[in-house]
Amino acid sequence: MKNAAFFVGAMLLCGAAIGAGPLRKDLYVRGAFNGWGTDNLLAYKGKGIYETDILIGPGNQAFKVGYGDWSTQWVLDRAASVTVATDTDYRMASGGPEDYLFVRQAGTYRFSIDVSTPAAPVLRVVRLAAAAVAAIDPHEHDAPAVSLAWPTFDGGQETARFSVRDPAAALRAYTHSSTMQLRDPGPHFVRYRETAGLPTVRSGDLAFDALFALALAEMKLDSVVEIRDGNYNGGAAIACECFETGEKWHYVWTRDLSYAADLGLAMLDPMRAMHSLDFKLSGYRASIVKPAQAAGSADGLQIVQDTGSGGSWPVSTDRVTWAFGAEQVLRMLPAAERTAFAARALAALVNTIENDRLAAFDPADGLYTGEQSFLDWREQSYASWIPADIASLASSKALSTNVGHYKALTLAAALAAEHGQRSRADQYSAWALALKRAINQRLWLPDEGMYSSLTASHFDGAPLHKFDWLGQALAIITGITSGERARSILAHYPHGPMGAPVIYPQQPGVPVYHNRAIWPFVTAYGLKAAATVGNVSVADAAYDTLMRGAALNLSNMENMEWLSGQPLLLDEKQPSLSGPVINSKRQLWSVGAYLGMVIGNVFGIAPAADGIDIAPFITARLRRERFGQSASIALNGLRLRGKTISVTIQLPPASASDGFYLVDSITVNGARAPRHIAWRDLPAASAIAIRLGALAPGQQGIRRVTADPYTESSAVFAPPEPHMTALAGADAIYKFYRDGQLAAGVAEDGACYAAEALFSTSGNRSHHSPPLCTGTAIDIPAADARVRSNIAAMPYLKDWGRPADTFAVDGIDIPAAGLYQLQVRYHNGANQVSQGISGGVKSMLVKDWAGRVVARKVVQLPHARIDKAGAVPVYSTPLTVRLAPGTYSVELEDFYNMSYLQSNSTFSAAGGVDGASNRFDIYGIRLLRTK
């Protein structure tokens, strides 16, 4: 490690010093406790010492030390440790996985970096003595407090208390406290107040009113005039009247924003939502000429896919979720702003749709490839072998992402029709209908009564027995499914004691984040789906999850462990499994989720393109437990499209039965009104009165599961996927698949096989093993005489892929007819597999002996791991083509990735400030005969 230490010292001291100290840039401690951001600057103290004091909550806290742009980062010398003990000196080295500080009790920790010996920088962490804090009662000077209590998983109880200084005030000031151990250190109470210009709730239940005010207060905190991220603009602020993502996340990400806007924020602040959505659109850089094979307009205006697995798009293609937020914004904007935004939205959607059609659409089954929407931490929800083979992740197809493509197509079709583009509208409508059909044909699992969340990768392709709550809910909400299938989904998706997890079954040996977690925004979509179908049990579970989470955490958190409801489940026996590993207060989509729950589900106000729909979904349980002392509830001062709306719901007497209340009558300013009211028929000041009537039983089906949150029980976990040397254990049985179908009989030549484990007790199934193909392969190394390129092979083509670079393989003899899978053997070390915008994306074409193109497809060459021994070549996504015997050639041409976009011109790593990067090393090609 001497060379690594010397490298660290050289990097520390090179360049001009900033301020008083030897470092060339500002240095930060960055970790899960601060959202991996730049809130904790190491200040120079003299004599080579940099220090910062950080208040850290309990957890197995991952962290690194690095510059704001991540250009250099340091961790412990791996020969020493990966876990930091306090009051101990640790030598540091460059790069590598994060370090961990295990914190049992919240406290202030001093991080010191000693660079006085440049070749051997040293880290020391010290826990500082806590100052005495006098006990206070935050409710002491308020009116009498009311309490909400919830049972805990271990037989205890947690309580939230609420009080106000003046209950009769037009705008109340609330005090809110909790007995629960909070995720982040600080007081166990918070104060917030209602704001003029924003709606208020008066339900007779102080806690319910307060939690709505809390969500609005957090929306205001998330409303900023500038955003920042260490990866962009050198970490400096970027002017934007936008929504930032949360307390620990000061940037705007496409999917977070879009789901938050769809759930509630577009209704309450459409202009800010529009600005935020605009920020996630970009054209090509001025230096980029649209690649010949790319679709769309010359400027390339399209939706931005944020950094992610393997170098972003098209490994991930859920940028199309932008359409969910855009649709809501278009419903709420004033006419002039709407006209301009609609034109931009259509242009961006067209370019996005047309290029996704080239890069991610598979005509063989009618689905789009790409990572599951928002589940973009591979280890959390994919097979354990996937991080070493990101191309296999890229070729899988996800339910949630395909629903996003469906939404983009339907919105684009509507906008095209609005703009007089009839042929385009018809084409996109046809594509949407075909996609809906493909989702129902390929992903529905009759034996489970739900959709598969994703398919296995290329050479397998089977729909996996894996399930996610977002995908299921979105399929119902968008109308991809309805009737019996929708009822089946709601009845079959598992719910724990605290609510529905975002994925099921859980991944073994993986900490809490997407795995083993409840995310409030996903719960809110589950609630919308339950209300659509009339499932009372699922709706009641969602109401409870959302209110409990906000009440006990004093904030709308990003996520909670699913069986305990804790914002941090600390596992001292297995610290690496603690979590959620990252969490933040006032997470934007959680805030949008809570506001949407109250306005859209409880009060039933849902904006539509030409007016509002009125459909409150008040269950008998919600009525008796939250509004039991009230004859009516009111939502006041809701401003929509220049109109001020108040909503009063007259409640029937509370009932001990279960069900939901039907709407008996609706009036607007005293006149009878329908359940859909056009904007033109809604007065500027509208008093909407809703009277609820009979209690309908609704649907009651719900699947309940539970287990000890500290135990990997087969009741709620999946077995690990099979490997030849690591079977799943005595409780597991195995199934084998041939070309994506359950296999029977002997092995066939040219077939691809994969294995799956399942627990005999619960039936929970694993991911599939890596596929094994029996067909013959033609391997042609880069140094083969048949290879033509402007770059010499030594023995591989290093850093190939600039737009003018050429690569062709001539004279490929195909001896037998069959289905062939053409792949590039490559390595892409431009960034880590979890980050960046520089995944390789090229157009591959196959020509016959006469030079005729017989096949063309966009292939992906994502970031690949670099181990201690160096680069390990992997294979690209395949081009599938049926070939007759003969002689062929294969060529690569430029396509594009997200680094070609202007929005990424300030990105700190590859593909950013130094120009677009669509380059990798080519080791050769392979033609694998599979049938």
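Trainee: Does Asp-356 count as buried or exposed?

Mentor: This is a predicted model, in which local features need pLDDT of at least 70 and side-chain atom pairs count only at pLDDT 80 or more, while totals for chains, interfaces and linings use all residues. Residues are numbered from 1 along each chain as its sequence is written, and side-chain values use heavy atoms, without hydrogens and water. Buried means under 20% relative accessible area, exposed over 50%, and partly exposed in between (1.4 Å probe, protein chains only). Since the relative accessibility of Asp-356 is 1%, this residue counts as buried.

Trainee: Which residue forms a salt bridge with Asp-356?

Mentor: A salt bridge is a side-chain nitrogen of Lys or Arg within 4 Å of a carboxyl oxygen of Asp or Glu. For Asp-356 the closest N and O atoms are 3.0 Å apart, and the partner is Arg-319.

Trainee: How many residues apart in sequence are the parts that Arg-319 and Asp-356 tie together?

Mentor: Helices (H or I, at least four residues) and strands (E, at least two) are DSSP runs, numbered from the N terminus. Arg-319 lies in the loop between strand S19 (302-303) and helix H5 (322-332), whereas Asp-356 belongs to helix H6 (residues 335-359), so the pair ties together parts whose separation in sequence is 37 residues.

Trainee: How many residues apart in sequence are the parts that Glu-244 and Arg-586 tie together?

Mentor: Glu-244 is buried at a relative accessible area of 6%, and Arg-586 counts as buried at 12%. They form a salt bridge whose closest N and O atoms are 2.9 Å apart. Glu-244 lies in the loop between strand S17 (238-243) and helix H3 (254-268), and Arg-586 in the loop between strand S28 (560-561) and helix H15 (588-602), so the separation of the parts tied together is 342 residues.

Trainee: In the salt bridge of Asp-69 with Lys-25, which residue is partly exposed?

Mentor: The closest N and O atoms of this pair are 2.7 Å apart. Asp-69 counts as buried, at 17% relative accessibility. With a relative accessible area of 27%, the partly exposed residue is Lys-25.

Trainee: Why is the protein chain as compact as a globular protein of its length?

Mentor: The chain comes to 16 helices and 55 strands. The globule rule is 2.2 Å times the number of residues to the power 0.38, and the radius of gyration is taken over C-alpha atoms. For 931 residues the rule gives 30 Å, so the chain is as compact as a globular protein of that length because its radius of gyration is close to that value, at 28 Å.

Trainee: What share of the residues of the protein chain counts as buried?

Mentor: The C-alpha atoms fill a box of roughly 85 × 70 × 60 Å along the principal axes. Of the 931 residues, the share that counts as buried is 60%.

Trainee: Which are the edge strands of the open sheet that 5 strands form?

Mentor: Two strands pair if DSSP finds at least two bridges between them. The order is S44-S46-S54-S48-S49, with antiparallel pairing. Each edge strand pairs on one side only, and these are strand S44 (787-789) and strand S49 (853-861).

Trainee: Which residue in S54 stands opposite Ile-814?

Mentor: Strand S46 (residues 807-814) and strand S54 (residues 886-894) pair in the antiparallel sense over 6 bridges. Opposite Ile-814, the residue in S54 is Gly-886.
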